[in-house]
Each structure stands twice: as structure tokens, then as C-alpha cells.
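Please look over the sequence and the model shown here before reading on. The paragraphs that follow lead through it step by step.

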Protein chains: 2
Amino acid sequence: MWQLTEDVFLLETLGVRESLFTIGNGYLGMRGYHDEGTPIETSSVRGSYINGVYARVPMHFGERAVGFPEQADKQPRIMETQSVELRLDGERVFLDTAGVSDYSRMLDFKTGILKKTYTYTTSTGKKALVESMKMISFTESNLCLQHWSIAFPGEIEFMTVLDGNVQNYVNENDPRVAQGHAKLIETKACRSDLDCLYLLSEVSSSGIQIACGSVETLSNAKQVRAVVTETEHGVFKNFKAVNSLELDRYVYVTDSRFEDVSAAVVSRELHRLKTLGVEALLQAQGEYLEKFWERSDIEIFGNNHLQQAIRFNLFQLLQSVGKDGFSNLSAKGLSGEGYEGHYFWDTEIYALPLLSLTQPEIAKQLLVFRWNQLPEAIAEARGMGHEQGAKYPWRTISGIESSGFFPAGTAQYHINADIAYGIIRYYQLTGDEKFLRGMGLDMLVETSRFWISVGQWVAGEFCINCVTGPDEYTALVNNNFYTNAMAQHQLLWLSEYLKKLAHKAPKSLETICSRLGLTQVEMWAFERAGTCMNLPRDKSLGIDLQDDQFMNRAPWPFEQVGKDKYPLLLHYHPLIIYRHQVLKQADTVLAHLMLPNISDLETMKRSFDYYEALTTHDSSLSSCVYGTMAARLGEKKKAWQYFMESVEIDLGNTHGNTKDGLHMANIAGSCLTIIQGFAGLSVSEEGLELSPWVPDEMDGYKFKVLWQGTLVTITAIKGQPVQVVCGLGKEVPLHVTENQ
Amino acid sequence: MWQLTEDVFLLETLGVRESLFTIGNGYLGMRGYHDEGTPIETSSVRGSYINGVYARVPMHFGERAVGFPEQADKQPRIMETQSVELRLDGERVFLDTAGVSDYSRMLDFKTGILKKTYTYTTSTGKKALVESMKMISFTESNLCLQHWSIAFPGEIEFMTVLDGNVQNYVNENDPRVAQGHAKLIETKACRSDLDCLYLLSEVSSSGIQIACGSVETLSNAKQVRAVVTETEHGVFKNFKAVNSLELDRYVYVTDSRFEDVSAAVVSRELHRLKTLGVEALLQAQGEYLEKFWERSDIEIFGNNHLQQAIRFNLFQLLQSVGKDGFSNLSAKGLSGEGYEGHYFWDTEIYALPLLSLTQPEIAKQLLVFRWNQLPEAIAEARGMGHEQGAKYPWRTISGIESSGFFPAGTAQYHINADIAYGIIRYYQLTGDEKFLRGMGLDMLVETSRFWISVGQWVAGEFCINCVTGPDEYTALVNNNFYTNAMAQHQLLWLSEYLKKLAHKAPKSLETICSRLGLTQVEMWAFERAGTCMNLPRDKSLGIDLQDDQFMNRAPWPFEQVGKDKYPLLLHYHPLIIYRHQVLKQADTVLAHLMLPNISDLETMKRSFDYYEALTTHDSSLSSCVYGTMAARLGEKKKAWQYFMESVEIDLGNTHGNTKDGLHMANIAGSCLTIIQGFAGLSVSEEGLELSPWVPDEMDGYKFKVLWQGTLVTITAIKGQPVQVVCGLGKEVPLHVTENQ
């Protein structure tokens, strides 16, 4: 239950399993491709990535208009450091079903190590035992450590590479992956000596330089000859041994955003790491993960399959999430090239609510990242024509808007409120005043100003027109419920906080106002807009309305359109989809999940039923939301069904595109279904609320929450009252509604 | 008053005057650039074009979705046949302000000839008299005829070209001209002998081949030596003479859509034309134009400036409009490269209402063109996901949708109703049953079927959601008044006509129904949708509403935004514009103009006032509509003001982009202001209605209308009752409301 394993070597769905066996540490990520190579590579994406490193690619439009991005960010595949060429008696070893037997691969969530072993039979019938181990260190963020052990009664040739001749994956026909611009980095320098290889590449469009180096230690060095070759694009080291080869390899990867990328630095670091040694590095990895699991594990009782899946999700989230304030969590993490490595609202609405519960330091760094990009968000608002406020980009790496279709991109203004939600959530759980009064208010005030600039008063209500909500199957609507509710939440919470500050710390408020040019009139405007926010409702149906015009849309012909036409976005022109009552993903229901007090329970129940019937879940961000909400509403059967759909998206490749990377928002969202759904956790600055129940398909669950410094352990076992244990001698304001 | 003239040579605004001095015949068009060349050519666009010839260029999108065009049409600049190199004593003659004196240029609307004369002084002080004449023949559609006469006391060198090395004009920053794809044709063959030059190019993306050839006759042939050079991209003929050179040149241009483009054919045609001779060709040109003006002239009494401008407009429209059923009238005619040579609704809503009054044969050919592209329109509807009907492209040449931004392109479904309007208008004026029951009904039925497929019943009304009206400053709206009113007009007129046919010619209806698979149920559906069409109105204001949500938009800050920010589309992101009550052009007011019975007079007056205050007229299609409508509503001062704005758009270059070509819709629209505005003409199958008045700024006007075969002359002189004279022995149902 602490491992992802496979015991059969299959050539099919290679790409899917590359994503699943991804290793990373939030800075560096490498897909789980087979280093030795495979005979067929059509579905394979042999990629490694650095979080936050971006290329700039030109944006083309059939018709360009003002404010359309000139360029977009794109995450480049970095140089290839993992591939090896293994030859046994001169015969190249590819992983294929003919030659490979006794195969097994295992990614261990406790040790943070990826292991593979197999027997290879050559064409002459001789057998080799091949074992490899690999880890990307959580404690040494630039390090990938490898171990190879090959036993073969004959000549072993083994070549390692630092290869700059790489290209990104493109697919002209799928808007969810890149549609062009494969070649993003170019080689600037190679250096090789027998001790240490070095390769420098540059992301030509952004000027960011990436350096990598490698050094080996050999157990049987005396029996091994090594030759180094240098080419235009890389350096290659060829080892020859007889009977056995045992090799440790230290690969160091860095980039010029924060460090000197010279050969000297890389070589120095490699020697430092080599001196530290394999043993110490593996131990540090284990210790790091022990601490992580101690807090963040979600235990599932009586369902091993699920337990393993949830830990896989938690582990993959940890591996992909940026932790340095200059990187974030892209839609696919560091596990693939889908969505071009862009950061979306996925972070604040899916990942951060989970991470903030037990890993507040990581949550904080994700928000620091947004603060670092506040100047770009302000510039974007001005560029569009807004005189005040900040408009965060719908998709980005470096801070610039990288959406190529504004009605389903830039128009998703809710990103501003999503980031605000993340800030508030982080503060509610940590009480981190220093962050809030500094970076937090910088962002809350600027994004609130943007709402004031966008909104409009109609018949005494504050309306937000011509925006797109989370459901991209409608666009440019008036008063999207989710957007308005989230904007209201931000405006009212900010107003309330500033009022409290005026009493509690007037001097601090004065300093803040002076820094931000914030006036009392502006604060009133925030409060008034929040108080009078238009939240569209349909009185006859008793539901919250996705937008003003939702009821005027035609019914979607669900009867006639089979699921073979899902996702609809790959089969129908947007104009057809937009004209109908059909949802790609949770929208109003998501607002109900994020803001439990926005409507009464009956309205939420009716809304759930109404929208559920209209939702295709074409987005991977949908089922976990419906699952969590179903769990909160007591729809136990549906909750489990959606939950398992969500759990299976990557492990079962149910959306068919896991090869492009893991669905990070869903990965976090499925864990949240347990915590916010089954356990019914709600968070506010006043404390925690729980309303737990245990699905029939398990015996119970246990997880922890760090509330304002106190660790709270929550255990729900079927048939027993929920057990809440606070950290030694501490108490936490807590309200539990029994829901068994 | 029958000429466009210029008496001063100016290097500035070269491009504007190239557009104004365009010559053409509807098949072939050439901008009025200076053949000799100018020292500065930054604003110059040295282009010739064939109507209907298209290239295909790939369409790129930041994010591509289903149904987005893969390719777009684009009108290629054809081979250069007009440029000459003139050398006097070896000195190259460029038209520039230093060397040129006694300059004059004249485009004659009666003879159809462009003439230019000037004196050129060489650097040594010697003077040359240069005269040139040029015409594109209306009676020989492939012919451009030139005459050059140069008198100079020294050596004259004169080189003519057929040059395939041409590129289209591109401007990255203006969405109204092409943003890429300059190189569209490539040279396939050159042939040269002293008798006849020949050049063959191919539009590589569409495979259409274009051939041109030229032949000269010399008055003083014995004193002239000629040398021919052939290069990779063209053929060049160099003449040397002393003291004087007199030369006639026949240029033949054709393309492979309808003709053999071999050298043999071109040579044969050139010889035929040479045998016909200059005199006969000029005479035929004059006779053609005499007939044209006899019917189509609009006489203005007491305002020579206006008279000249109106004739310029009528003449340029004639020069650009396609007459062969395989070409149409592009937004800029044959006078420039703006909007990539695409055909829009401009044809049916602006040009055809004018042309149908006196040139029904041309009007018919424009509709035949649409019929020829009906299969593409049906395919487009299917490609988007509609199970029935035809969706005409918003912009096209060959029939494929060439819009690069669907919310302001493809979503303008009203194009269907606009074409239907054109068919009905043509039929009302001609009674051409043969056309209507054939091609006409093919189009009316298929476009009506599309409305049924798009529309939706809400509370007993037929609603058309998520479309864009003529005003592109809002997009994807529900129940756009113009769209719904025009669709209603089409559906009800068609129903009515089919009912009449059932009585009058049941056999004919049977044949039609069988051909089109048209059922009684479908006919009822047309009638029911038309009868119950939702036409949004604001009761409290007493106006027709541009769309359902128009009143929920924020007021545009007209006070703060100066006219230096016009057109808004070049200064604000669409999301900002869409969110406000601001119009690019007439929308509801246009519906009132096209359908005078759609609302009562008071509603139209209030609507005019309401929308006028919100309209920037950033589109050149706006002022003529407001002018005509103002004239109909008795707003005499405003009518004149808009009318003159419309008249001046190109002659005064008031939109600043006449260099990209003449604004053809406005050119027709300004003429319509006199006929439909000042004279208040309305047309139906029952007859004509007039409600004439004469603006203070003129003494009167006179024009003709051909109603079902009878020519009606209408004369309005200030202070006199309007005079209506019908063709010999004929009568026309006519209703005149005195309005002086």
C-alpha cells in the first residue's frame, strides 16, 4: 500500500505508465520512461522538466485583436540525462516483450525510490540480470541519483548521455496538448572529461540557461574502461566491462534563474554530492518522506486498493508541486507536456485546499509565487484597458497570459477570486498575519480593485458581465454564479478583515493603506459590491442559476448524442455547445462546495440534481467536485461513484490522456473528497467543522489537519463515534455533526 | 462632374490615391499606382487582382477547436503587368516632386479611361513630355489597354514587364488587413518573342493558374529597337528610341477557372484584340458606359462637388462588382488588399439593393454566385454539427468560411438572412420567377432550414441564441434584433410565397418540393417560427432592443474616451468592449431600414436616438445607414451630416485606411441614402413607395428605377412636386407621400 508496482512488461500504453511512474521533487521531474529504450516509441514521451522554466512561443490568431497575447509561455523539455544504451555481447538491449522476463518495477512512496529489475535473454540465449534504481532527491533539489547493476556472462557495453537534441511533444489535433513549437532549447556548450560530463543549453526564446552534469562511481572500476564522446548536441560516456557492471550515477540539473550554471559550479556540486554518498542521500530521502507522511497521510481502513491509490495521489502531488516561491503546480505537474506546462486555477481551488491542511509551508510558497507575478497581473489589467487592479492570467508560467482563445481563457476572471480564496484559506488555517498583511493584502486589494473596475450596478445589484465561469461549455455570460459568489467571498472577507484590523491594529492598517494607496472610500466600495453582489437564482426551480441566461438555453439532446461524442469539445463547434444547457464540469456546484454558506441546503441539493443531469464531466476537474459535494449532501451512493471515477482517472486512464501527464487537480481533488466530503470538513478562522460518515466500501479513514499550529488527528471508523485528537495539550475550536 | 482629377503630384498619401484611381471591369482590377515608380513607396500598394481567384492560406489559432477553419481564402496579388522603367538619356524617371511639373491625372467615368500627363525635367535640365492612357475594358473582360507617348530631345529607353515576383501587402498590427502570407503565386512559365510576351503563374495553394500576355504596336516602329529579356520570374521588353516614342500596349490577363491559359490562347486573343484596334475598343468602352449611365446615373442639381462624388461611387462600384456568377464584390472591390479580398454581407445588404434597382442582370449574377456556393454552405452547417440547412460563410472567396475569430465572424448567422433578403429584393424588382423557383428557392429553403435548426422555443417564442449581430462590439448574444427580424422576414416571405404558389402553380410547387425534399410540416415550421419570432423590445424606453441583455451592459464612458481611441477595436480588448453599451455600427437601426414595417415610426425614432448616442461608427458601414434612416425619419440635418460623412470616407480618407482599398459597401450605401433616404423609396412586389424631400444643400436630384421591366424616372426639385415618369406606355403601382 506504499508502492506503485507493475510485474508485467507491456509495450502498449507505454505513455500512460511513463506518467504514472514519474519521479520528481517539485523542482525537477522525470517521466517514467524506460532508460534503455523500447522498440516502439509512438506513445512514449521521454521527457524531463524543470518547474518554472519557460520558453516563449509566438501566438498566432486567424484575426488578432487588441490585448491578445503576442507570446505564450511553454514548458520546454530539458536535456535528456536518463537514456542509456546497453549492449550485451554487442547486442543492443531494448525493453521488449520478447527479450524481457521476470520484469518488475516499483515506485516506493516511503523511500522515494523507483526500482526496476528484469532478466534479459539475448538472441544467443544468454541471460543478463539488470537492476536499476533511481531517485530525485527531495533534500537536494538538483539531484537525480541512479544505480545500475548488470550481471551478464559476457561483454557489457553501457553508454550514458547528456543530450541536448530534444524536442517537445506536439499533436495538431488535440487542443489539450501543444499544437506546435517542438524545438525549444539549443545546446550552448558541452564539456567532457572522464571525471565529469557537462552540458549547457539555452531556452532560446526566454534566455534561461539550463545546465546538467553527471559523474559516476564504479564498484568494480578496475575492470571497466570508459570512453567519452562529444558531439554537437551532447556528451556520451561509454563503459565497457565483462561479467558485471555496478555503477552509481549522480546527475545534477540546474538553471540560470537562481544559480550560476557554469561547469565549475556543476562539477563542484557533483563532487559534494559524491562525497556525501549514496547511502546518506537515500537516508535523507527516507527521512524527508517520513515527515511528510506523518502529517499528510490519509489512512483508509479496509480497502487496500483505495489506500494505495490515495497514497499514490498524495505522493505524486508532493513530487510535482513547486516549493520555492518561483514555481507552481502545472496542470500535469512535472509528469507530462499536456497544457504546455501551464499553471491554472487548479492550484488554488484543488491543490492548495489540500496542501494547506498539512503542508502550510508549501501552500505559502504557491501564494508567494502569485505575489511574485503581481506586477504582470497589474500590467495585464492595464493592457486590456482596465484603469485599476490586477488580472491574473488564466494560464501561465512566467506571469504572462498564455491563453490562445480568450472566451475560454482570459475571460475566466474567476482566477482572481480563486487566488484570493487560496490566500484566505491559507490564513484561516495558519493565522499567518505576517504573510496576510504583506503579500496577502497586496494581492487581495489589487484583485478586489479589478472586480470594482469590471462590475456594474444594475437595479441596485453589483453585476459581473461578459465573463466565463469554470464551465467552459458556455462563454461570455452575465453573472456567472461561481464567479460572483467567489468575488463576493473575497470582497466581504477583505472588508471584514480590514475592519477588524482597524480595531485591532490601526497602525498596521495605516501602513498598509499608505503602501497600497487604499482609501476608506475604496474599502466601502469593496463592501458595497460584496454585499450587493448579484447571485442569479431561479425561484420556480429553487436552484442557483449558473448565469443570467442559463434557462434560455436549449436542452442538450443527451438522448441522441452518445458518449462516443465525449468530450463534446472534440466533436462540436463551440457555438453549438454554447447554445445549449450542457456543462463540461461543475460550476454552480463548485461554488456550493467552496462556499458552504452561500445557499441553503435544499437549494444546494436541488442545484446538484439539476446540474448533475446536464454535466458531461468532459473535464477531469469535475468528478471530484461532484463526489465531494454528493458526500456533503448525503448522496452516499453517488459520492462513492464519483469518488472512484476521480480516483481512477489516471490509474485507470479513464480520460484516455494520462500519457500527456497526470491530472494534478483531480489527484488533489480525490483526496479532498475524503476530507471535505466523507469527513465533511469545513475551515474558517473560527475553527473546524466536521460532519463525517464512512462509505460502505471501507471500514474507515484517518487524516490530520494542522490548524493554527496544532495538529488535529481525525479518525472515523464505521459504527464508532468520530475520534478527534489534538496535539499535546492543545485545543482547537471544533464542531462535529454526527452523520453516520 | 464626370471625372476624378488631380493636378498636383504629391508623394504623400500615394496609397490613398492609388485606391481612388483604381480601374477595373469586375473581372480584372488594377490600383492606380504610378507605372513609372516613385522614389518612396512605403504607402504604395502596387497591386492588380482577378475577382474570384483565391489562394488558400493555413489558419492558425492559439487554441484550435472543432469547426475552426483549417484554411482561409485569400485574394492573391496577380503578376505585375503595368510597371515600366523609363530612362531619358540613361536617367531613370521616377515620379517625384523635383522632376515632375504640369502634372495632371484624370479618371473619366464616361469614357472609362485613366489619363496622365506631365513634364519631366532631367538633371541636365532637358524636358520630356510624358502622356499615358489606360483602360480596362468592360466589353473585353481580359483586356487592359495602354497608350504611352513620350517626347524627349534625346535617347528614350522604355521597359515593360510581365513580372511574377510579386507579394501581397501585410500588416501585423491591423486586423482589417492581412497579417501574414505575402507570397501567394509562383511562376510556372515565361515565353518571349518580339511579338508577344507570355507569363504563367500558379496560385500554389489553390492550383488556379493565371496567365498574362502583352503585345505592343508602335507608331514610329522603324526608329525603335526592342530587346526582350527573360528571367526566372518574368519577361521584360526594352525599347530604345530617339526623340519620341509612341506605343500602344495590349495586356491580356486570364485564369484557368474558365479558360485555357496556354500561350497559344493568349497570343491568339492578343492578336484578335490588336486587329480590333485601339479606336474600336475605346468606342466600345464609351458605348458600354453610356448605357450604364443612362439607367444608373443619379443626378444631383445644384451641388457639383456632390454630383462628382456620387458618380465616382457609382463608377467604382461598377468597376469592382463581379458579373459572371463566379465572382462577387469584395469589401474593397478590386481596389486593394484590405480584408484579404473577402466577400461579406456587404454585397446583399449594401450593394445589391442599389444594383437591383437599375442593373438587375448584375444583381442576379451576384445571387448566382451564392447559389454556386450552396454546397459549401451546406457542408459548413454539417461540419459545425447542424443536421439540416445551409450556413453561408461570413467571409469567403471560394465558399469556405474564412473567419479567423468566430465570435465576430462565423457567429454572424445573419449572413443567411442577408442573402435571403437579396434574393427577395431581386425578385420584388424583377418578378424573375424562373430564378426564384430555381436557384432562389434552393437558397431560401436551405437557409430557412438552418434557422429552424438553430432556433429554440422559449415561452412560446422562437429564439435565436448565441449569435453575433452586425454590431461587432457585442458578440454571442441572445435574440439579436437585426438577426431575428431578418430571419423572420425570410421565413414569413418564403411561407407566403409558397402558399401563393400552391394556389397559382401547384404543379410547380410539387416539383420544387420534390427537388428540395420540402414537406408541408416544414413549411408550417417556417411559418410558425417566423410568426412567433422573438423581437426584443424595451417597453419602458419604447425602443427595440439590440439583444436580450443589452440593457444590462454598462454605459460606455464616452466622456472619458476621446476619439483618438477610435476605432475602439484598435485600443481595447474585446472583453472590455463587449461589456458595454457601445456600438461599432448600426444594428437595430439597420433592421429598421431594411424592414420599414418591422416597428412603428415612433419606436424607430426613439430607437434611432437611443442607439445613435451609443455608436462610434468605427465601421465604414455605419454612417450611410444612419444617414438613410435619418432621412426617412425626417431628421434632415443629421441625414445630411451622415450622408456627407459617408460620401467623404474614401474621397476624404476619413477612416485613414483608404490605402487598403475603397469601402465598397459605403460607396453603395451613400448612393442609397439619396434613393432610399431623401427620396424615401421602398420596394415590394406590390410596387414602389416614395416619400421624397430635397436637402437644403442641393436643388434636387433625379434617378431611375427599373420595376418589373419598366423604367421609372424620379425627379425631385426643391419646391416642386416630385415628378415620376414611367417608360413609354407603361404604368407602375406607386405611392408618393409628399414630404417637402
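How many disulfides does a search of the whole structure find over all chains? The search finds zero, where a disulfide is taken as a pair of cysteine sulfur atoms within 2.5 Å. Cys463(A) is in no disulfide, and the cysteine sulfur nearest to that of Cys463(A) belongs to Cys532(A), 10 Å away. Cys463(A) counts as buried at 4% relative accessibility, buried being under 20% relative accessible area, exposed over 50% and partly exposed in between, with a 1.4 Å probe and protein chains only. Cys466(A) is likewise in no disulfide, and its nearest cysteine sulfur is that of Cys466(B), 11 Å away. Cys466(A) is also buried, with a relative accessible area of 6%.

A word on how to read these values: this is a predicted model, in which local features need pLDDT of at least 70 and side-chain atom pairs count only at pLDDT 80 or more, while totals for chains, interfaces and linings use all residues. Residues are numbered from 1 along each chain as its sequence is written, chains are lettered from A and ligands numbered from 1 in the order in which they are written, and side-chain values use heavy atoms, with hydrogens and water left out.

The next topic is how the two chains are arranged. Chain B can be laid on chain A by a turn of 179° and a shift of 0.1 Å along the axis, with an RMSD of 0.1 Å, the copies being superposed by least squares on the C-alpha atoms of residues with pLDDT of at least 70 in both. The two copies are thus related as by a two-fold rotation axis. In chain B, the C-alpha nearest this axis is that of Phe61(B), which is 2.3 Å from it. The same surface serves both copies, since 100% of the contact residues of chain B recur in chain A. Here 48 residues of chain B are in contact with 48 residues of chain A, contact meaning heavy atoms within 4.5 Å. Between them, chain B and chain A bury about 4200 Å², 58% of it on carbon and sulfur atoms; this buried area is the accessible area (1.4 Å probe) that two parts lose on being put together, summed over both. On the side of chain B, Glu63(B), His573(B) and Arg579(B) lose the most area to chain A, together 17% of what that side buries.

Within chain A, an open sheet of four strands has the order β18-β27-β28-β29, with antiparallel pairing. Strands (E, at least two residues) and helices (H or I, at least four) are DSSP runs numbered from the N terminus, and two strands pair if DSSP finds at least two bridges between them. Strands of a sheet pair through backbone hydrogen bonds, either parallel or antiparallel. At the edges stand β18 (299–301) and β29 (723–726) of chain A, each with a single partner strand, so one side of each is left without a neighbour in the sheet.

Strand β27 (residues 700–707) of chain A pairs with β28(A) over eight bridges in the antiparallel sense, and the bridge partner of Tyr701(A) in β28(A) is Ala716(A). The hairpin of β27(A) and β28(A) has two residues between the strands, and in this hairpin Gln708(A) takes a positive phi near 50°. Strand β28 (residues 710–717) of chain A is in turn joined to β29(A) by four bridges, again antiparallel, with Val712(A) partnered by Cys726(A) and Thr713(A) by Val725(A). As for covering, six of the eight residues of β28(A) are buried.

Four bridges join β5(A) to the antiparallel strand β6 (residues 71–74) of chain A, where Lys74(A) is the bridge partner of Ala55(A).

Finally, His663(A) lies in the loop between α17 (636–651) and α18 (664–678) of chain A and is buried, with a relative accessible area of 5%. His663(A) and Ser19(A) are 644 residues apart in sequence and 9.9 Å apart in space, C-alpha to C-alpha. Leaving aside neighbours within four places in sequence, His663(A) is in contact with residues including Ala331(A), Lys332(A) and Ser620(A).
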